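Please keep the structure open while reading.

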Amino acid sequence: QVQLLESGGGLVQAGGSLRLSCAASGRTVYAMGWFRQAPGKEREFVTAISRGTTSTYYADSVKGRFTISRDNAKNTMYLQMNSLKSEDTAIYYCAAGVSASSDARQYPIWGQGTQVTVSS
């Protein structure tokens, strides 16, 4: 069973940047996505990328600020987050599945999450 390991979370001031990574074990390349969950809120879609990196999808709330990418040779996905806002504070989870989707139910494989805290 493939495992996902996120890294790169932390504390940053509003307007700052962070880069998250999600490394997948094994050699199988999956479509991947990022979701986040803020305290007291449901998990929400952030962004997703197809297996071949040809297609990317973003939630409206992060368009123009966040960029998803991947390096299939390293089986690693990245999330570059710029112009961070306090409302971006959440636990960020990476997920893997057959096809890129904003629907969390399409991802059977999940990481443990990494905390991102944006101070205002």
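## Basis and a first residue

A residue is called buried when its relative accessible area is under 20%, exposed when it is over 50%, and partly exposed in between. The model is predicted.

Ile 68 is found in strand β7. Its relative accessibility is 5%, so Ile 68 counts as buried. Leaving out residues up to four places away in sequence, Ile 68 touches Met 32, Trp 34, Thr 47, Ala 48, Ile 49, Thr 56, Tyr 58, Met 77, Tyr 78 and Leu 79. Thr 89, 21 residues from Ile 68 along the chain, has its C-alpha atom 18 Å from that of Ile 68.

The covered face of β7 holds Phe 66, Ile 68 and Arg 70. Thr 67, Ser 69 and Asp 71 make up the uncovered face.

β7 and β8 run antiparallel and are joined by six bridges. Ile 68 has Leu 79 in β8 as its bridge partner, and Asp 71 stands opposite Thr 76 in β8. The two strands form a hairpin with four residues between them. In the turn, Asn 75 has a positive phi of about 50°.

## The four-stranded sheet

Which strands make up the open sheet, and in what order? The order is β1-β3-β8-β7, four strands with antiparallel pairing. β1 (4-7) and β7 are at the edges and have a single partner strand each, so one side of each is left without a neighbour in the sheet. On average, neighbouring strands of this sheet are turned by 15° against each other, direction ignored.

## The nonpolar core

The largest nonpolar core has 32 residues. Those that touch the most other members are Leu 4, Trp 34, Phe 66, Met 77, Leu 79, Met 81 and Tyr 92. At least two core residues come from each of β3 (18-24), β4 (31-37), β5 (44-49), β7 (66-71), β8 (76-81), β9 (90-97) and β11 (114-119). β9 gives the most, with five residues.

Setting aside neighbours within four places in sequence, Leu 79 is in contact with Leu 18, Arg 19, Leu 20, Trp 34, Val 46, Thr 47, Phe 66, Thr 67, Ile 68 and Tyr 92.

Is β9 largely enclosed or left open by the rest of the structure? Seven of its eight residues are buried, so β9 is largely enclosed.

β9 pairs with β4 in the antiparallel sense over seven bridges, with Gln 37 standing opposite Ile 91 in β9. Three bridges join β9 to β11, which also run antiparallel, and here Ile 91 stands opposite Gln 115 in β11. A further two bridges join β9 to β10, again antiparallel. Ala 96 has Ile 109 in β10 as its bridge partner.

## Aromatic pairs

How many aromatic pairs does a search of the whole structure find? The search finds four. In one of them, the ring centres of Phe 35 and Tyr 107 are 5.4 Å apart and the planes are at 75°, so the pair is edge-to-face. Phe 35 is in strand β4 and Tyr 107 is in the loop between β9 and β10 (109-110). The two are 72 residues apart, and the pair links distant parts of the chain. The rings of Tyr 107 and Trp 110 have their centres 6.4 Å apart and their planes at 70°, so this pair is edge-to-face as well.

Ring pairs link Phe 35, Phe 45, Tyr 107 and Trp 110 into a cluster. Within this group, Phe 35 counts as buried at 1% relative accessibility, and Tyr 107 counts as buried at 2%. Trp 110 is partly exposed, with a relative accessible area of 25%.

## Charges over rings

Arg 43 places its charged end over the ring of Trp 110, 4.7 Å from the ring centre. The charged end of Arg 19 sits over the ring of Tyr 78, 4.1 Å from its centre.

Note on methods: Residues numbered from 1 in each chain as written. Predicted model: local features only at pLDDT ≥ 70, side-chain atom pairs only at ≥ 80, totals over all residues. Heavy atoms only, no water. Core = buried A, V, L, I, M, F, W, Y, C linked by side-chain atoms within 4.5 Å. Buried < 20%, exposed > 50% of the residue type's maximum accessible area, 1.4 Å probe, protein only. Contact = heavy atoms within 4.5 Å. Pairing = 2+ DSSP bridges. Axes fitted to C-alpha atoms, helices over the stretch in contact; angles between N-to-C directions. Phe/Tyr/Trp six-rings, centres within 6.5 Å; stacked < 30°, edge-to-face > 60°. Lys NZ or Arg CZ within 6 Å of the ring centre and 35° of its normal.
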